[in-house]
Amino acid sequence: MNDTITEAKIDRYLDITRRALEKLKVVTPDRSFGKRLADDFLTMATSYYEDAKHFRAQGDFVTAFASVNYAHGWIDCGARIGLWDVDGDDVLFTLFE
């Protein structure tokens with residue numbers, strides 16, 4: 001069992017999350033509750049991603065790993081409930097169907 005968070009592992013997860021953030025497109029109407037949700041989810045994902053990069057730079061791979069996984073959780077939730085278009089990508093995102 002590999003229970004070590006290596007530099008390579010955290011860098012891989014940061015890269016996956018970066019690519020997901022770059023790919024998603026908010027598709028909710030501007031003046032809708034869905035838009036507020038999309039913006040909030042994206043803010044949370046981006047904040048956790050930035051935290052992960054900060055902790056990674058400090059050498060705290062455990063906290064970086066936790067943060068990047070929280071970030072991607074927000075991303076996947078938004079994709080799964082249709083807040084953004086991810087072009088059917090089921091590699092970077094967990095889709096409903």
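## Helix H3

Let's start with helix H3, which covers residues 61-80: its 20 residues reach 28 Å from the first C-alpha to the last, close to the 28 Å expected at 1.5 Å a residue. The expected span is 1.5 Å times one less than the number of residues. Helices (H or I, at least four residues) and strands (E, at least two) are DSSP runs, numbered from the N terminus.

This is a predicted model, in which local features need pLDDT of at least 70 and side-chain atom pairs count only at pLDDT 80 or more, while totals for chains, interfaces and linings use all residues. Residues are numbered from 1 along each chain as its sequence is written, and side-chain values use heavy atoms, with hydrogens and water left out.

## The buried side of H3 and its ends

The buried residues of H3 (under 20% relative accessible area, with exposed over 50% and partly exposed in between; 1.4 Å probe, protein chains only) are Phe61, Ala64, Ser67, Val68, Ala71, His72, Ile75, Asp76, Gly78 and Ala79. Their packing partners are helix H1 (7-23), helix H2 (33-57) and strand E2 (84-85). As a reminder, an α-helix has 3.6 residues a turn, so residues three or four places apart point the same way.

In the loop between H2 and H3 sits Gly59, which is partly exposed, with a relative accessible area of 49%. Gly59 and Ala79 lie 20 residues apart in sequence and 31 Å apart in space, C-alpha to C-alpha. After H3 comes Gly82, with a positive phi near 85°.

## H1 against H3

How do H1 and H3 meet, and at what angle do their axes cross? The axes come within 10 Å and cross at roughly 25°; they are lines fitted to C-alpha atoms over the stretch in contact, with angles from 0 to 180 degrees between N-to-C directions. H1 is therefore roughly parallel to H3, a term for angles under 35 degrees.

On the H1 side, the contact (heavy atoms within 4.5 Å) is made by Glu7, Lys9, Ile10, Tyr13, Leu14, Ile16, Thr17, Ala20 and Leu21, and on the H3 side by Phe61, Ala64, Phe65, Val68, Asn69, Ala71, His72 and Ile75. Together these residues divide into twelve nonpolar (Ala, Val, Leu, Ile, Met, Phe, Trp, Tyr, Cys and Pro), three polar and two charged. Asp, Glu, Lys and Arg count as charged, and the others, Gly among them, as polar.

## The whole chain

Stepping back, the protein chain has three helices and two strands, in the order α-β-α-α-β from the N terminus. Its C-alpha trace spans about 45 × 25 × 20 Å along the principal axes. Of the 97 residues, 34% count as buried.

Note on methods:
Angles under 35 degrees count as roughly parallel, over 145 as roughly antiparallel, 65 to 115 as roughly perpendicular and the rest as oblique.
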